[in-house]
Structures are given as structure tokens and as C-alpha cells.
Amino acid sequence: MLQKINHIGIAVQSLDATLPFYRDALGMTFKCEEEVAEQMVKVAMLQVGESKIELLEPTSPDSPIARFLEKNGPGIHHIAYEVEDIEAAIAHMKDQGARMIDEIPRNGAHSTQIAFVHPKSSNGVLTELCQCGH
């Protein structure tokens with residue numbers, strides 16, 4: 001079902017303040033920046049090997065990332081696994097007894113379809129299933 005780790009999402013207060021560390025100090029390749037209005041977040045994607053780091057900056061105090069930052073401060077927010085068929089992956093997770101935050105895929109950044117597994121089903125780790133757009 002899982003193809004690879006697609007990205008690790010990191011919640012940040014500011015892309016402008018954080019991006020230089022990942023791009024310049026660590027030497028990751030900056031891929032793009034995008035706003036995902038429906039999730040109230042601005043993301044910057046950086047490439048490292050075949051995986052990516054996704055920096056997440058809230059665009060509204062009501063966004064899930066803003067709430068995460070208030071509760072936890074900056075840091076790892078989620079791990080995203082790439083799947084070939086998001087609907088089949090959701091059905092499989094439900095069959096395995098996992099609690100899904102998203103039982104129907106929604107639009108993510110970079111033309112993806114995404115669904116989150118509740119952290120209570122994944123030992124405290126917010127887990128994203130991600131089907132890349134083609």
C-alpha cells in the first residue's frame with residue numbers, strides 16, 4: 001500500500017525566517033511555495049534525496065497549524081506516506097481499525113489528494129496518506 005515517505009511536515013511561525021536554515025545551512029533544494037487556502041496554510045517544499053520537507057506556516061489564527069503551534073511550538077507536525085490509490089488506502093486503514101480524520105480525500109498542496117489518520121490510531125504521530133497528482 002505505501003510507496004515511500006513523501007514528506008515530513010514541519011510547523012513553523014514564518015517561512016521567511018525558517019527557509020534559510022533548510023535551504024542554505026542544510027543545503028536542501030527549494031522546490032516551490034504555495035498557499036492552500038482551504039487549509040489556511042502556506043507551504044514551502046524542499047527536496048532531500050527522494051523525500052521532501054514541507055514547511056507549514058499558518059495563514060489564519062484558526063488554522064490547524066496555528067493551533068498546533070500554540071499547543072506545541074514549532075516542530076514536526078506530520079509524516080506523509082505516498083500511496084498509489086488514496087481511496088483504497090483509506091478503506092484499508094479503516095478495515096485495520098484505524099480512526100481516520102479524513103474518510104474522504106481532500107485537496108492538498110502540489111495537486112495531491114490527502115487523508116489524515118488520527119494520531120490516536122498511530123501511536124501519537126499524525127499520519128498523512130498522499131496520492132500525487134499526475
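1. The aromatic pairing in this predicted model comes down to one pair, where rings of Phe, Tyr and Trp (its six-membered ring) are paired if their centres lie within 6.5 Å. The rings of F21 and Y22 have centres 5.2 Å apart and planes at 90 degrees, so the pair is edge-to-face (planes over 60 degrees apart; under 30 is stacked, the rest tilted). F21 is partly exposed at 45% relative accessibility, whereas Y22 is buried at 14% (buried is under 20% relative accessible area, exposed over 50%, partly exposed in between, with a 1.4 Å probe and protein chains only).

2. Eight strands make up an open, mixed sheet in the order 2-3-4-1-5-8-7-6, with strands taken as DSSP E runs of at least two residues and paired if DSSP finds at least two bridges between them. Strand 2 (29–36) and strand 6 (106–108) stand at the edges with a single partner strand each, so one side of each lacks a neighbour in the sheet.

3. Strand 1 (residues 2–11) runs antiparallel to strand 5, and eight bridges join the two; L2 stands opposite V83 of strand 5.

4. H77 sits in strand 5 (residues 75–83) and counts as buried, at 14% relative accessibility. Leaving aside residues up to four places away in sequence, H77 touches G9, I10, A11, L56, I65, F68 and L126, a contact being heavy atoms within 4.5 Å.

5. As to conventions, residues are numbered from 1 along each chain as its sequence is written. Local features need pLDDT of at least 70, side-chain atom pairs count only at pLDDT 80 or more, totals for chains, interfaces and linings use all residues, and side-chain values use heavy atoms, leaving out hydrogens and water.

Conventions: Helix = DSSP H or I, 4+ residues; strand = E, 2+ residues; numbered from the N terminus.
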